[in-house]
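Please look over the sequence and the structure shown below before reading on.

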Amino acid sequence: MTEVLSIERASLDQLASLLLERAGLKITPDGYYGLRLALHARMPALGIADAAEYVGRLKQRAGEHELRSLIPLVTVGKTEFFRDTRQFLAFEKTVFPQVLAKARQEMRQAKLWSAGCATGEEPYSLAMVGLEYAANAASLDVWATDLNPAAVDNAQRGYFPARRLVGVSEERIERFFKPVDGGYQVNPEVRSLIRFEGQNLAAPVWPQVTARSLDVIFCRNVIIYFDQPTIIGVMERFFEVLRPGGWLFLGYSESLFKISTRFEMVEVGGTFAYQRPTGTFRATPAALLSPRPSSPPRSATDVETALRQLKRQQAAPLPAPPPVTTPTPAAGLPPAPSKPQPKRTPVERLAEVIDAIERGDFPKALRSARRLVDDEPEDLAARLTLGNVHALMGNVDEAREAYRQALSREPLCVEARLYLALAAMQGGQLDEARTELTRGLFLEPSLAIGHYLLGQVNEQLKDKDSALRAYRNAINQRKQPWHDLIGHFPDLPRSNEAVAQAAQFRLAALSER
Ligand SMILES: C[S@@+](CC[C@H](N)C(=O)[O-])C[C@H]1O[C@@H](n2cnc3c(N)ncnc32)[C@H](O)[C@@H]1O
């Protein structure tokens, strides 16, 4: 442990600011012990003995990969009891009663797994719900696992400072906790339902889990840190270990879009969960149950071509009127059928939406964008553009909803992060804007416009150093290839050079102050 403690403070400060900048993770000195543990785990993996050298390695471009390995080790703070109320209510009111009833009928335990349980708030919440349905250790087993041994230790202890109980009702605190040393200790009754263990979800085999043995898996806010092949592997294994009819809950911005088609997406209590299919025992299928095959992503060039075409049509002289000699239909003959309108492609329809936006005809843009999204629910560009129309009309909540829908289909969608940040800036929620931008930049570090907007947010937050750093980052992207943004938002700069110039201007103005 002395080795852990010997890591210098300066390296931890640097690491904390790097994590804030790249991943939006706020780690205050209170959380430095967790950073030390994470460094202690990762440095030997790279054969590095000096923390300053490790942080230097992370800052390099090639450090991105290592950052992805480090982040899961330092994200343990991000959890809470009954996190995502709607999802928990769906579990509590619909899924769990069915699962427990079925297990009782089959005279076996109901088995739940909190995969990536962090400091335990999630499995304890599950166990509390279980007790409210009169489950006990004979009828319910909650398995809670995490990669981070420090988190598992904490979880096992079951002691939480008072501030961590936000979101737990008075009745539940009264029933399930005992006040201890200014905080709260979980009662043995709750603790007795849970088995805590260290476990790496990314490992190719999980020897501790039997096929078709689990009723519900909660794996929320974990896979966001994995790359696609890892997510696919984990989902395959989740599928195998779930019973037919078993449930999988992911985090609100995580989805199986382009990951797995084996699960069914099911609407339950106003939220979505995944279910291993079975002939019986199903909740209400959602409209999204059988998603259409995803439409190919719209490249900006496709849409621009369609837009140019549309403009040419609009600018072209009106076609000559039909000759006046057209004979009237002979009596008794049916009128000539009207010429069928050629079906417009989604790209052409999106071009029309963009055209309406550019002409400032937002009501028309909104109508067309809505129709397009209804017809093409998997079209990311259409959905993001719908959000942008809402944002332009000042409907911030609707805009956010559209971006979140985009994220639920494509969790790694950088544009959704960028537009969410713009909506947050519009609503004056600067901390949220900063978080979204740092998340977007973590996914796409060369996104010049993201750095530039982050500079603006930091400036408004009076964080001058971070603003300067963000503007410099924006300027440094000058030579990087331009990232075409999916979804149309007017008046955003359209080249790295234009962004760099704007950033240069802000940098000069800020440096003078
Ligand atoms: C943000 S927390 C989520 C906690 C909880 N599921 C929730 O939603 O509140 C993510 C957790 O995933 C864990 N984790 C990350 N990678 C993991 C892996 N490969 N195997 C197991 N756990 C992992 C981290 O240690 C961290 O505790």
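## Two helix pairs and selected residues

Helix α19 (residues 448-460) packs against helix α21 (residues 496-512) at an angle of about 25 degrees, and their axes are 9 Å apart. That angle makes α19 roughly parallel to α21, where angles under 35 degrees count as roughly parallel, those over 145 as roughly antiparallel, those from 65 to 115 as roughly perpendicular and the rest as oblique. The axes are lines fitted to C-alpha atoms, for helices over the stretch in contact, and the angles run from 0 to 180 degrees between N-to-C directions. The helices and strands themselves are DSSP runs (helices H or I with at least four residues, strands E with at least two), numbered from the N terminus.

This is a predicted model, in which local features need pLDDT of at least 70 and side-chain atom pairs count only at pLDDT 80 or more, whereas totals for chains, interfaces and linings use all residues. Residues are numbered from 1 along each chain as its sequence is written, and side-chain values use heavy atoms, with hydrogens and water left out.

The crossing in which α19 passes α21 is left-handed, a term for a near helix turned anticlockwise from the far one by less than a right angle, while clockwise would be right-handed. On the α19 side the contact (heavy atoms within 4.5 Å) is made by A448, I449, Y452 and E459, and on the α21 side by N496, V499, A502, A503, R506 and L510. These residues of the contact of α19 with α21 divide into 7 nonpolar, 1 polar and 2 charged; here Ala, Val, Leu, Ile, Met, Phe, Trp, Tyr, Cys and Pro count as nonpolar, Asp, Glu, Lys and Arg as charged, and the others, Gly among them, as polar.

A second pair is formed by helix α14 (residues 362-375) and helix α15 (residues 380-392), which pack at an angle of about 150 degrees with their axes 9 Å apart. Helices α14 and α15 are therefore roughly antiparallel to each other, and their crossing is left-handed. In this pair F362, A365, L366, A369, R370, L372 and V373 of α14 meet A382, R383, L386, V389, H390 and L392 of α15. By class, the contact of α14 with α15 has 10 nonpolar, 1 polar and 2 charged residues.

For the protein taken as a whole, there are 21 helices and 10 strands. Buried residues make up 50% of its 513 residues, where buried means under 20% relative accessible area, exposed means over 50%, and partly exposed lies in between (1.4 Å probe, protein chains only). The accessible surface comes to about 25,100 Å², of which 54% belongs to carbon and sulfur atoms; such areas come from the Shrake-Rupley method with a 1.4 Å probe, and for residues only the protein chains shown count as cover. Of the contacts with a separation of 6 or more, 71% are accounted for by residues 24 or more positions apart.

Several single residues can be set side by side by their accessibility.

| Residue | Relative accessible area | Class |
|---|---|---|
| T145 | T145: 0% | T145: buried |
| Q477 | Q477: 7% | Q477: buried |
| N395 | N395: 22% | N395: partly exposed |
| Q185 | Q185: 25% | Q185: partly exposed |
| D84 | D84: 28% | D84: partly exposed |
| K258 | K258: 51% | K258: exposed |

T145 is found in strand β2 (residues 140-146), and, leaving aside its neighbours within four places in sequence, T145 is in contact with W113, S114, A115, G116, C117, E197 and Q199. Q477 has its place in the loop between α20 (464-476) and α21, where Q477 touches P445, S446, A448, H451 and N496, not counting residues up to four places away in sequence.

Q185 lies in strand β5 (residues 183-186). The C-alpha atoms of Q185 and Y159 are separated by 4.4 Å, although these residues are 26 residues apart along the chain. N395 is found in the loop between α15 and α16 (396-409), and its C-alpha atom is separated by 9.3 Å from that of A423, 28 residues apart along the chain.

Most residues other than glycine have a negative phi. D84, which is not a glycine, has a positive phi of about 65 degrees and lies in the loop between α5 (63-74) and α6 (85-105). K258, also a residue other than glycine, has a positive phi near 65 degrees and is found in the loop between β8 (242-250) and β9 (264-268).
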